[in-house]
Amino acid sequence: MRRTSTIGNTATISRAVISTVGQDRPGVVNEIAKVVHDLNLSIEDSRMTVLGGEFAVLMSVTGGALHLQRLETRLVKLAKEMDLAFLFRLTGERGDVQGRIPYTVSVTAMDHPGIVHLVAGFFSSRNINIYNLDTVTERAAHTGTPIFSLVMEIEVPPDARIAELRDNFFYFCDDHDLDAELRPA
């Protein structure tokens, strides 16, 4: 399903999200950005990082609907040439989040399986949306112990009791040996 939106008095634009993964090497970003640029599309938002030996790209691209269709065709060709996996999805504007209060959550712990699941479950069970999440595992300087760090941005509904949420979150973290912080974004 194609969704379009109108911004002010400008022409109708469309939006697509693309996700690309391939072996980490120089030129991946340049080749994807070139295809987008050649079609007169705009990279509105993006996240790019190395994960293991792979380079991952996630981006929101805007422009004319016909150009977005051409983008998908060009990405098929580029993926074959560069041995990339990709996903292309037409999308619309983000739903109304008016009134939601942005908060930042930071969690640090000795690395063990399930931390993301635990923390995400805490917020999900309270109908709190996670709109950004970053994690990293590093070795402690002197001991070499793997230390897991998570930073997420959440949207707290306007009717939530912040003091109660904060207390419940800290009790939850204590129960799971997680060091945490919850603060307004």
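This is a predicted model: local features need pLDDT of at least 70, side-chain atom pairs count only at pLDDT 80 or more; totals for chains, interfaces and linings use all residues.
Residues are numbered from 1 along each chain as its sequence is written, and side-chain values use heavy atoms, leaving out hydrogens and water.

Me: How far apart are the end C-alpha atoms of helix α4?
Reply: Helices here are DSSP runs of H or I with at least four residues, numbered from the N terminus. The expected span is 1.5 Å times one less than the number of residues. For the 14 residues of α4 (162-175) that gives 20 Å, which agrees with the distance in the model: 20 Å.

Me: Which residues of α4 are buried?
Reply: Buried means under 20% relative accessible area, exposed over 50% and partly exposed in between (1.4 Å probe, protein chains only). On the other side of the helix, A163, Y171, D174 and D175 are exposed. The buried ones are I162, L165, F169, F172 and C173.

Me: How is the aromatic pair of F122 and F169 arranged?
Reply: Rings of Phe, Tyr and Trp (its six-membered ring) pair if their centres lie within 6.5 Å; planes under 30 degrees apart count as stacked, over 60 as edge-to-face and the rest as tilted. F122 and F169 are 5.2 Å centre to centre with 55 degrees between the planes, so by this rule the pair is tilted.

Me: Which helices does this pair of F122 and F169 link?
Reply: Both residues, F122 and F169, are buried. They sit 47 residues apart in the chain, and the helices are α3 for F122 and α4 for F169.

Key:
Helices (H or I, at least four residues) and strands (E, at least two) are DSSP runs, numbered from the N terminus.
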